[in-house]
Amino acid sequence: MDLAETAQKTSLLTKKGYFERFFEIQSNLYSGMAAFEMLEREVYKVYGVNKYSSYYSFKTMKSRYLRSLQKK
């Protein structure tokens, strides 16, 4: 699947779409940081922007996202 197809299937700019793609990438890698960096490159190639400015801000939002899933 190329980047355009990924973007069509899942909006990488939405919280849900971004984290679904992150966990998909992470399942093939050992490091969360490596998956984050790969996904940020993908987002930049498709949209011309980065979703998160740093790994720290990403981790904060990932934690909030996972907590929101537990509440449902």
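Modeller: A residue is called buried when its relative accessible area is under 20%. Keep that cut-off in mind. The model here is predicted.

Biologist: Start with Arg-21, then. What makes Arg-21 count as buried?

Modeller: Arg-21 has 15% relative accessibility. The cut-off is under 20%, so 15% falls on the buried side. Glu-42 is buried as well.

Biologist: How do you know that Arg-21 and Glu-42 form a salt bridge?

Modeller: Look at the side chains. The N to O distance between Arg-21 and Glu-42 is 2.9 Å. A salt bridge needs that distance to be within 4 Å, so this pair passes.

Biologist: Why is the Arg-21 and Glu-42 pair said to tie parts together?

Modeller: Arg-21 sits in helix H2, while Glu-42 sits in helix H3. The two are 21 residues apart in sequence, so their bridge joins separate parts of the chain.

Biologist: Which other residue joins Arg-21 and Glu-42 in a network?

Modeller: Glu-24. Salt bridges link Arg-21, Glu-24 and Glu-42. In the bridge between Arg-21 and Glu-24, the closest N and O atoms are 2.7 Å apart. Both residues belong to helix H2, three residues apart, or about one helical turn.

Biologist: Is Glu-24 exposed, partly exposed or buried, and what is its value?

Modeller: Its relative accessible area is 43%. Buried is under 20% and exposed is over 50%, so Glu-24 is partly exposed.

Biologist: How many salt bridges does the structure hold?

Modeller: Three. One of them pairs Lys-16 with Glu-20, at 3.1 Å from N to O.

Biologist: What separates Lys-16 from Glu-20 along helix H2?

Modeller: Four residues, which is about one helical turn. Lys-16 has 53% relative accessibility, so it passes the over 50% cut-off for exposed. Glu-20 has 38% and is partly exposed.

Biologist: Which residues of H2 are buried?

Modeller: Gly-17, Tyr-18, Phe-19, Arg-21, Phe-22 and Ile-25.

Biologist: And what makes up the largest nonpolar core?

Modeller: Twelve residues, including Tyr-18, Phe-19, Phe-22 and Ile-25. Leu-39, Val-43 and Phe-58 are also among them. H2, helix H3 (32–47) and helix H4 (55–71) each give two or more residues to this core. In soluble globular proteins, nonpolar side chains tend to be buried together.

Biologist: What does Phe-19 touch beyond its sequence neighbours?

Modeller: Leaving aside neighbours within four places, Phe-19 is in contact with Tyr-52, Phe-58, Met-61, Lys-62 and Tyr-65.

Biologist: How far apart are Met-61 and Phe-19, in sequence and in space?

Modeller: They are 42 residues apart in sequence, with their C-alpha atoms 9.6 Å apart in space. Met-61 is in helix H4. With neighbours within four places again left aside, Met-61 is in contact with Lys-15, Phe-19 and Tyr-52.

Biologist: Now the rings. How many aromatic pairs are there?

Modeller: Twelve.

Biologist: Why is the pair of Phe-36 and Tyr-55 called tilted?

Modeller: Check the centres, then the planes. The ring centres are 5.4 Å apart, within the 6.5 Å limit, so the rings pair. Their planes meet at 55°. Stacked needs under 30 degrees and edge-to-face needs over 60, so this pair is tilted.

Biologist: Where do Phe-36 and Tyr-55 lie?

Modeller: Phe-36 lies in helix H3 and Tyr-55 in helix H4, 19 residues apart in sequence. Phe-36 is buried, at 7% relative accessibility. Tyr-55 is partly exposed, at 23%. Both belong to one aromatic cluster, which also includes Phe-23 and Tyr-65.

Biologist: Step back. What is the secondary structure of the chain?

Modeller: Four helices and zero strands. From the N terminus on, the order reads α-α-α-α.

Biologist: What share of the chain is buried?

Modeller: 26% of its 72 residues. The accessible surface comes to about 5000 Å², and 52% of that belongs to carbon and sulfur atoms.

Definitions and conventions: Residues numbered from 1 in each chain as written. Predicted model: local features only at pLDDT ≥ 70, side-chain atom pairs only at ≥ 80, totals over all residues. Heavy atoms only, no water. Buried < 20%, exposed > 50% of the residue type's maximum accessible area, 1.4 Å probe, protein only. Core = buried A, V, L, I, M, F, W, Y, C linked by side-chain atoms within 4.5 Å. Contact = heavy atoms within 4.5 Å. Salt bridge = Lys/Arg side-chain N within 4 Å of Asp/Glu carboxyl O. Phe/Tyr/Trp six-rings, centres within 6.5 Å; stacked < 30°, edge-to-face > 60°. Areas by Shrake-Rupley, 256 points an atom, 1.4 Å probe, with all protein chains shown as cover.
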